[in-house]
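Reader: I have a chain open here and would like to talk it through with you. Could we start with the overall picture and then go on to single residues?

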Amino acid sequence: MTDTQPETSAAAEGTDTLSRLEQEGEIAADYLEGLLDIADLDGDIDMDVEADRAAVSIISESTSRDLQKLVGRDGEVLEALQELTRLAVNRETGDRSRLMLDIAGFRARKREELAQVGAKAADEARSTGAAVKLDPMTPFERKVVHDAVAAAGLRSESEGEEPQRRVIVLPA
(Lines give C-alpha, C1' and ligand atoms only; values in the text may rest on other atoms or scores of the structure.)
Protein backbone atom coordinates (compact mmCIF):
# COMPACT_ATOMS: atom_id res chain seq x y z
CA MET A 1 0.00 0.00 0.00
CA THR A 2 1.16 3.47 -0.75
CA ASP A 3 0.30 6.54 1.23
CA THR A 4 -1.25 9.25 -0.90
CA GLN A 5 -1.72 12.78 0.28
CA PRO A 6 -4.79 14.55 -1.06
CA GLU A 7 -3.94 17.77 -2.81
CA THR A 8 -4.89 20.83 -0.83
CA SER A 9 -6.67 23.33 -3.00
CA ALA A 10 -6.74 27.04 -2.35
CA ALA A 11 -10.49 26.83 -1.83
CA ALA A 12 -10.12 24.13 0.83
CA GLU A 13 -7.38 26.12 2.53
CA GLY A 14 -9.60 29.21 2.52
CA THR A 15 -12.46 27.22 4.04
CA ASP A 16 -10.13 25.91 6.76
CA THR A 17 -8.97 29.46 7.54
CA LEU A 18 -12.55 30.73 7.63
CA SER A 19 -13.58 27.88 9.95
CA ARG A 20 -10.63 28.58 12.26
CA LEU A 21 -11.46 32.31 12.40
CA GLU A 22 -15.14 31.57 13.04
CA GLN A 23 -14.08 29.26 15.89
CA GLU A 24 -11.92 32.08 17.32
CA GLY A 25 -14.94 34.39 17.16
CA GLU A 26 -17.14 31.87 18.97
CA ILE A 27 -14.58 31.32 21.73
CA ALA A 28 -14.15 35.08 22.10
CA ALA A 29 -17.91 35.63 22.19
CA ASP A 30 -18.33 33.04 24.97
CA TYR A 31 -15.51 34.64 26.96
CA LEU A 32 -16.93 38.15 26.51
CA GLU A 33 -20.46 37.05 27.41
CA GLY A 34 -19.05 35.72 30.67
CA LEU A 35 -17.36 39.06 31.34
CA LEU A 36 -20.56 40.98 30.60
CA ASP A 37 -22.45 38.72 33.02
CA ILE A 38 -19.85 39.22 35.75
CA ALA A 39 -19.93 43.00 35.24
CA ASP A 40 -23.74 42.95 35.00
CA LEU A 41 -23.64 44.86 31.71
CA ASP A 42 -26.04 44.50 28.81
CA GLY A 43 -24.64 44.00 25.34
CA ASP A 44 -25.02 41.85 22.27
CA ILE A 45 -22.09 40.08 20.66
CA ASP A 46 -21.61 40.34 16.90
CA MET A 47 -19.04 38.12 15.15
CA ASP A 48 -17.51 38.50 11.69
CA VAL A 49 -14.33 37.80 9.75
CA GLU A 50 -12.58 40.87 8.34
CA ALA A 51 -9.22 41.03 6.55
CA ASP A 52 -8.17 37.51 7.58
CA ARG A 53 -8.91 38.00 11.27
CA ALA A 54 -11.84 37.35 13.56
CA ALA A 55 -13.74 40.50 14.47
CA VAL A 56 -15.99 40.59 17.52
CA SER A 57 -18.11 43.56 18.55
CA ILE A 58 -20.07 44.26 21.70
CA ILE A 59 -23.03 46.44 20.87
CA SER A 60 -25.99 47.73 22.82
CA GLU A 61 -29.33 48.98 21.60
CA SER A 62 -29.75 51.15 24.67
CA THR A 63 -28.21 54.59 24.84
CA SER A 64 -26.76 53.79 28.23
CA ARG A 65 -23.13 54.62 28.79
CA ASP A 66 -22.45 51.28 30.45
CA LEU A 67 -20.41 49.95 27.54
CA GLN A 68 -18.28 53.10 27.58
CA LYS A 69 -16.80 51.75 30.82
CA LEU A 70 -15.43 48.87 28.75
CA VAL A 71 -13.86 51.28 26.27
CA GLY A 72 -12.16 53.52 28.81
CA ARG A 73 -10.19 56.68 28.13
CA ASP A 74 -8.87 56.63 24.56
CA GLY A 75 -9.71 52.92 24.30
CA GLU A 76 -7.29 51.81 27.01
CA VAL A 77 -9.73 49.38 28.62
CA LEU A 78 -10.77 48.12 25.17
CA GLU A 79 -7.11 47.35 24.33
CA ALA A 80 -6.73 45.41 27.60
CA LEU A 81 -9.96 43.47 27.02
CA GLN A 82 -8.83 42.64 23.49
CA GLU A 83 -5.57 41.19 24.84
CA LEU A 84 -7.41 39.19 27.50
CA THR A 85 -9.82 37.88 24.86
CA ARG A 86 -6.90 36.92 22.59
CA LEU A 87 -5.35 35.04 25.54
CA ALA A 88 -8.64 33.20 26.15
CA VAL A 89 -8.73 32.17 22.47
CA ASN A 90 -5.08 31.10 22.65
CA ARG A 91 -5.78 29.00 25.75
CA GLU A 92 -8.58 27.14 23.89
CA THR A 93 -6.93 26.75 20.47
CA GLY A 94 -3.22 26.79 21.22
CA ASP A 95 -2.79 29.31 18.38
CA ARG A 96 -1.95 33.00 18.56
CA SER A 97 -5.00 35.09 17.73
CA ARG A 98 -5.12 38.39 15.82
CA LEU A 99 -8.74 38.93 16.84
CA MET A 100 -10.04 42.50 16.77
CA LEU A 101 -12.49 43.63 19.44
CA ASP A 102 -14.77 46.64 19.10
CA ILE A 103 -17.05 47.95 21.81
CA ALA A 104 -19.94 50.34 21.19
CA GLY A 105 -18.50 51.25 17.77
CA PHE A 106 -15.38 52.87 19.27
CA ARG A 107 -12.90 51.25 16.86
CA ALA A 108 -15.12 51.87 13.83
CA ARG A 109 -15.28 55.60 14.65
CA LYS A 110 -11.55 55.66 15.41
CA ARG A 111 -10.81 53.94 12.09
CA GLU A 112 -12.72 56.66 10.20
CA GLU A 113 -10.89 59.44 12.06
CA LEU A 114 -7.49 57.85 11.47
CA ALA A 115 -8.20 57.31 7.77
CA GLN A 116 -8.82 61.06 7.53
CA VAL A 117 -5.57 61.77 9.40
CA GLY A 118 -3.67 59.54 6.97
CA ALA A 119 -5.26 61.12 3.90
CA LYS A 120 -4.58 64.64 5.21
CA ALA A 121 -0.93 63.77 5.97
CA ALA A 122 -0.57 62.28 2.47
CA ASP A 123 -1.96 65.49 0.94
CA GLU A 124 0.45 67.57 3.03
CA ALA A 125 3.46 65.41 2.06
CA ARG A 126 2.44 65.58 -1.59
CA SER A 127 1.97 69.38 -1.59
CA THR A 128 5.06 70.29 0.48
CA GLY A 129 7.40 67.59 -0.81
CA ALA A 130 8.53 66.97 2.78
CA ALA A 131 8.01 63.99 5.08
CA VAL A 132 5.19 64.39 7.58
CA LYS A 133 5.71 63.03 11.12
CA LEU A 134 2.57 62.11 13.02
CA ASP A 135 2.07 61.80 16.76
CA PRO A 136 2.82 58.45 18.44
CA MET A 137 0.11 55.82 17.89
CA THR A 138 -0.84 52.30 18.87
CA PRO A 139 -0.20 49.47 16.39
CA PHE A 140 -3.91 49.47 15.40
CA GLU A 141 -3.83 53.23 14.76
CA ARG A 142 -0.61 53.02 12.72
CA LYS A 143 -2.03 50.22 10.57
CA VAL A 144 -5.10 52.29 9.68
CA VAL A 145 -2.93 55.32 8.82
CA HIS A 146 -0.52 53.23 6.73
CA ASP A 147 -3.50 51.85 4.78
CA ALA A 148 -4.93 55.35 4.19
CA VAL A 149 -1.55 56.67 3.00
CA ALA A 150 -1.17 53.70 0.62
CA ALA A 151 -4.69 54.33 -0.71
CA ALA A 152 -3.62 57.94 -1.41
CA GLY A 153 -0.71 56.59 -3.47
CA LEU A 154 2.16 57.42 -1.11
CA ARG A 155 4.47 55.42 1.16
CA SER A 156 4.76 55.55 4.92
CA GLU A 157 6.87 53.89 7.55
CA SER A 158 6.94 53.63 11.31
CA GLU A 159 9.82 54.81 13.46
CA GLY A 160 10.65 54.87 17.15
CA GLU A 161 10.06 52.49 20.01
CA GLU A 162 6.76 51.73 21.75
CA PRO A 163 4.96 53.65 23.15
CA GLN A 164 6.47 56.53 21.15
CA ARG A 165 6.31 54.73 17.77
CA ARG A 166 4.93 57.02 15.05
CA VAL A 167 4.08 57.07 11.34
CA ILE A 168 6.19 59.06 8.89
CA VAL A 169 4.45 59.85 5.58
CA LEU A 170 6.98 60.09 2.77
CA PRO A 171 6.57 62.40 -0.24
CA ALA A 172 6.35 60.85 -3.70
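Reader: What share of the contacts in the chain with a separation of 6 or more comes from residues 24 or more positions apart?

Author: Residues 24 or more positions apart account for 56% of those contacts, where contact means heavy atoms within 4.5 Å. Please keep in mind that this is a predicted model, in which local features need pLDDT of at least 70 and side-chain atom pairs count only at pLDDT 80 or more, while totals for chains, interfaces and linings use all residues. Residues are numbered from 1 along each chain as its sequence is written, and side-chain values use heavy atoms, with hydrogens and water left out.

Reader: OK, and how many helices and strands are there, and in what order do they run?

Author: The chain has five helices and six strands, and from the N terminus on they follow the order α-β-β-α-α-β-α-β-α-β-β. Both are DSSP runs numbered from the N terminus, with helices (H or I) of at least four residues and strands (E) of at least two.

Reader: Is the chain a compact globule or more spread out?

Author: It is more spread out than a compact globule, because its radius of gyration is 20 Å, well over the 16 Å that the globule rule gives for 172 residues. That radius is taken over C-alpha atoms, and the rule is 2.2 Å times the number of residues to the power 0.38. Along its principal axes the C-alpha trace spans about 65 × 60 × 30 Å.

Reader: And what percentage of the residues is buried?

Author: Buried residues make up 32% of the 172; buried means under 20% relative accessible area, exposed means over 50%, and partly exposed is in between, with a 1.4 Å probe and protein chains only.

Reader: Which residues have the most contacts inside the largest nonpolar core?

Author: They are Ile58, Leu70, Leu101 and Ile103, in a core of 18 residues. A nonpolar core is a set of buried Ala, Val, Leu, Ile, Met, Phe, Trp, Tyr and Cys residues joined through side-chain atoms within 4.5 Å. The elements that give two or more residues to this core are H1, strand E2 (53-59), helix H2 (68-71), helix H3 (76-93) and E3, and the largest share, four residues, comes from H1. Apart from it lies another core, of 15 residues, with Ala122, Met137, Phe140 and Val149 among them.

Reader: Going back to Ile58, what does it touch?

Author: Leaving out residues up to four places away in sequence, Ile58 touches several residues, including Leu32, Leu36, Leu67, Leu101 and Ile103.

Reader: New topic, the backbone: where is Asp40, and what is its phi?

Author: Asp40 lies in the loop between helix H1 (10-39) and strand E1 (44-50), and its phi is near 55°, a positive value in a residue other than glycine. Asp40 is exposed, with a relative accessible area of 68%.

Reader: What about Ala104, then, and which loop holds it?

Author: Ala104 is found in the loop between strand E3 (100-103) and helix H4 (106-128). Although Ala104 is not a glycine, its phi is positive, at about 55°, and the residue is partly exposed, with a relative accessible area of 23%.

Reader: Last one: is the peptide bond from Glu162 to Pro163 cis or trans?

Author: That bond is cis, with omega near 0°, and Pro163 sits in the loop between strand E5 (155-159) and strand E6 (166-170).
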